[in-house]
Amino acid sequence: MTAETIPIRVPAPGAARDVRAIKVVLHREMLRFVNDRTRLVTMLFQPVLWLFIMGTGLGTLVAGAIPGLDFRTFMYPGMIAMTVISTAMFSAGSIVWDREFGFLREMLVAPVSRGAIVLGKCLGGAIVATGQGVVILAMAGLVGVPYDPLLMVTLLAEMFLAAFTITAFGVTLAARMKNMQTFFGIMQMAIMPMIFLSGAMFPLANLPSWLHVLTTVNPLTYAVDPMRQAVFAHLDVAPQVNAMLNPGVSWFGWQVPIAVEAGLVAAAGLLLLGVAVAQFRRAD
Amino acid sequence: MTETSGSAVSVRGLKKVFGKVEAVKGIDFEVAPGEVFGFLGPNGAGKTTTISMLCTLARPSGGTALVAGHDVVRERDEVRRNIGLVFQDPTLDGYLTAEQNLRFHAELYGLPRALVGERIRQVMEMVALWDRKDGKVMTFSGGMKRRLEIARGLLHSPRVLFLDEPTVGLDPQTRSAIWGYINKLRRTEDITIFMTTHYMDEAEYCDRIAIIDHGEIVVIDSPEALKASVGKDRVQIQTGDDEAAIGALRERFGVEAAVHEGQVTFAVPSGEQFVPRLFAELGVPIKSVSVSRPSLDDVFMSYTGTTIRDAESDAGGANQWMRAMARR
């Protein structure tokens, strides 16, 4: 029995320590995701259902109105967004799970900043959700979207941005919740209308004005629209079809550029991240 | 303050109030480096609340506490770097393997990479889990999980290890194994152990114990000194006629006796010398006799006027609530 002491000491806090903490929280998120194949499959089920069943069904109905375009091609960017959003929310929800099963305590009692833990969680959720989105991305050919490298990279970046913001939103929501049921209840209540109003399922052109206002104030609209613009830029569609299905977002007649939309989503993500960190600091 | 600067834990007037309930009512104590210090009391006495404050998980309502020389409020990160924690409720990730759980801890604490692998092996061997390192934690038994938590609590070589009811809910075999590890620890690591328990037999292993009841420390001393302070031995006799024996004890010896566990039981100073007199003068046939030194149960009884079990059923409701508050 050798009782040689290994001279381990916990180093003082600092940037290097925070980076390691961020990385390990993120790493755990990925390990959990890779190990949970059921979740991987169930998360894909809904968007695939929407895309291929609803999309095909509705497609026959509207085929005459959109000559030369498959309705599923229209739905495709929306379904990417939907996949990313639900996966990101689920990742954020694991904070509530961690609290219920005690693991959150292990993280919160460590001599490391709250910001590092929350940021690790948000980045982990964003990467996992983007990974899930890649599966939908791989289906592009099935709905007539070209596998153009530039398009794929653009969509990946936009997916990551949306996923990060949604995870930050979910973590903010989860910061105070004590059980999973409440979290998922509230999440459903928040996410469903946001998806409906985001242009993921129907085009945002020619809507009654009250609905138009709601879609414009819905933050998710600004995550879905850049994806659709990217996809339509790589398609060959008649101008009147494009105007109907890909109208973009306008504020009092001003067409909002993609960069501004992306900036809005990023700003919302950072703001929510700040709120989430503050929530965890306050919980001390 | 020179004497406190060397203490592993130094507490002055520490207080915690939840709403109108004073869970901890201004306690004072010192724990010397290298000591195994036991916090003994019924559930709801304020043990977990005190440990939460010492571990920086709950903010004291008043008073000060220094752990490893650092203030638990003003130098929270310093305290956290120097303590290890094993909670009453598990805090492991069941979906990760045992080793992954420890790796996570090592990264979170920023331990030097070159030493981590070796250190993980060392602590896991100590709790006899090295051969299960690749097992998912959710497949582990309660005892294995507790052992893994102890290993994790030690991973970063804390100067003070806090164990909150480390053996609660475990079978007797696992309980004694865990005590085996704790005893090994005090030999191999330069560490102070602060633990809570409501098992009287376990408090015997501590160097010193503090008895806490209703948020106040009733007494602090070594188990031996505490037992000596009670001063009375417990005598149990089996007789032909218990009623008559109890009556005779009262009349001839002035001793109050009662039937416990089917035997006439009473307490007298120096029981061995009392037994010959008892045979000579009782006048009731005696079938058997046993004399035992006072246990910590008797100590608890003599300081709080109640047994630890009765105290627990008393405090049940308030305790649940306080624990919920402390856990948050």
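This is a predicted model: local features need pLDDT of at least 70, side-chain atom pairs count only at pLDDT 80 or more; totals for chains, interfaces and linings use all residues.
Local features need pLDDT of at least 70 and side-chain atom pairs count only at pLDDT 80 or more, while totals for chains, interfaces and linings use all residues. Residues are numbered from 1 along each chain as its sequence is written, and side-chain values use heavy atoms, with hydrogens and water left out.

User: Why is the pair Arg28(A) and Asp93(B) called a salt bridge?

Analyst: The term requires a side-chain nitrogen of Lys or Arg within 4 Å of a carboxyl oxygen of Asp or Glu. Across the interface of chain B and chain A, the rule finds 4 salt bridges.

User: How do you know which residues of chain B are in contact with chain A?

Analyst: Contact means heavy atoms within 4.5 Å, and by that criterion 40 residues of chain B are in contact with 36 residues of chain A.

User: What makes up the area buried between chain B and chain A?

Analyst: Buried area is the accessible area (1.4 Å probe) that two parts lose on being put together, summed over both. Here the value is about 3900 Å², and carbon and sulfur atoms give 59% of that area. On the side of chain B, Arg81(B), Phe104(B) and Leu108(B) lose the most area to chain A, together accounting for 19% of what that side buries.

Terms used: Chains are lettered from A and ligands numbered from 1 in the order in which they are written.
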